[in-house]
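Welcome, and please take a moment to look over the model shown here. The briefing that follows goes through it topic by topic.

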Amino acid sequence: MNHIALKTSPARGFSLIEVLIALVVLGVGLLGLARLQLNMLGGTAESVLHDSAVRLAEDKLEALRFELSQGRMPQTGSDEPKVQDVIMQRHWELKPSPTGLVETNIVMQWRDIRTGEESTLNLPARLASSVLAAQAWLIQSGVPTREPLP
C-alpha cells in the first residue's frame, strides 16, 4: 500500500471568535466616541447661551451708560429677551452713590431647555455721570496740545 503524505500547514487568517471579539471592542470604542461627541455638543449649546447672556447684559450696560451720558438718570427695570428659544430674564438696578458714580447690577437668569438647569449671571458695574465723565476726561487728557505736522 502506498501512503500519500499530505503536508499540513498551520491555519492562516482569523477565527470567527477573534473577529467577533474585535467587532465588540470596535463597537464599544465607537459608542464611547459618539457619547463624547454628544457631551461636546451639549457643552457647546450651554456655552452659546452663556455667551448670549453676557452680550445681552453688556448691551444693557451700554444703554444705561448712554442714558447717563445724555444727562438722564435711567430707571431700574427688567425685560425678557429671547435667544434660541430660551427666554432670558434680565433685571437691572441702579443706585446713585455720594461719589457721583452710579452703582449698577445687571442680573441675567435663564433655564436650559435640554437639562432644565437654571443659570444666573451677575454683571456689576460703576457708571459715571456725564459731568463726572467730562471732568475725568479733562483730567486724564490734560491741556489740549497740537502735534507738529511732519
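A residue is called buried when its relative accessible area is under 20%, exposed when that area is over 50%, and partly exposed in between (1.4 Å probe, protein chains only). At 47% relative accessibility, R111 therefore counts as partly exposed. This is a predicted model, in which local features need pLDDT of at least 70 and side-chain atom pairs count only at pLDDT 80 or more, while totals for chains, interfaces and linings use all residues. Residues are numbered from 1 along each chain as its sequence is written, and side-chain values use heavy atoms, with hydrogens and water left out.

**The sheet**

- Helices (H or I, at least four residues) and strands (E, at least two) are DSSP runs, numbered from the N terminus.
- Two strands pair if DSSP finds at least two bridges between them.
- Four strands make up an open sheet in the order β1-β4-β5-β6, and their pairing is antiparallel.
- The edges are held by β1 (77-79) and β6 (118-128), each with a single partner strand, so one side of each has no neighbour in the sheet.
- From one strand to the next, the twist averages 15°, where axes are lines fitted to C-alpha atoms (for helices over the stretch in contact) and angles run from 0 to 180 degrees between N-to-C directions.

**Strands β5 and β6**

- Strand β5 (residues 101-111) runs antiparallel to β6, and eleven bridges join the two.
- Across this pairing, N105 stands opposite P124 in β6, and V102 stands opposite L127 in β6.
- The hairpin of β5 and β6 has six residues between the strands, and there G116 takes a positive phi near 80°.

**Salt bridges**

- Side chains of opposite charge can pair when their charged atoms come close.
- The structure holds five salt bridges, each being a side-chain nitrogen of Lys or Arg within 4 Å of a carboxyl oxygen of Asp or Glu.
- One of them joins D51 to R55, with the closest N and O atoms 2.9 Å apart.
- Both D51 and R55 belong to helix α1 (residues 16-69), where they lie four residues apart, about one turn of the helix.
- D51 is partly exposed at a relative accessible area of 37%, whereas R55 is exposed at 52%.
- Another salt bridge brings together the side chains of E103 and R126 (3.0 Å, N to O).
- That pair links distant parts of the chain, with E103 in strand β5 and R126 in strand β6, 23 residues apart.
- E103 is partly exposed at 33% relative accessibility, and R126 is exposed at 60%.
- R111 pairs with E118 in a salt bridge whose closest N and O atoms are 3.0 Å apart.
- E118 is partly exposed, with a relative accessible area of 46%.

**The cavity**

- On a 1 Å grid over the protein atoms alone, a cavity is a set of points where a 1.4 Å probe fits but cannot get out, and its lining residues have an atom within 4 Å of a point.
- The count comes to one cavity of 30 Å³ or more.
- The largest cavity has a volume of about 60 Å³, with grid points joined across faces, edges and corners and the volume taken as the space filled by probe spheres set on the points.
- Its lining is formed by E46, L49, W110, D112, T115, E117 and S119.
- The lining of the largest cavity divides into two nonpolar, two polar and three charged residues; Ala, Val, Leu, Ile, Met, Phe, Trp, Tyr, Cys and Pro count as nonpolar, Asp, Glu, Lys and Arg as charged, and the others, Gly among them, as polar.

Notes:
1 Å grid on protein atoms, 1.4 Å probe; cavity = no way out; pocket = protein on both sides within 12 Å on 5 of 7 lines; lining within 4 Å.
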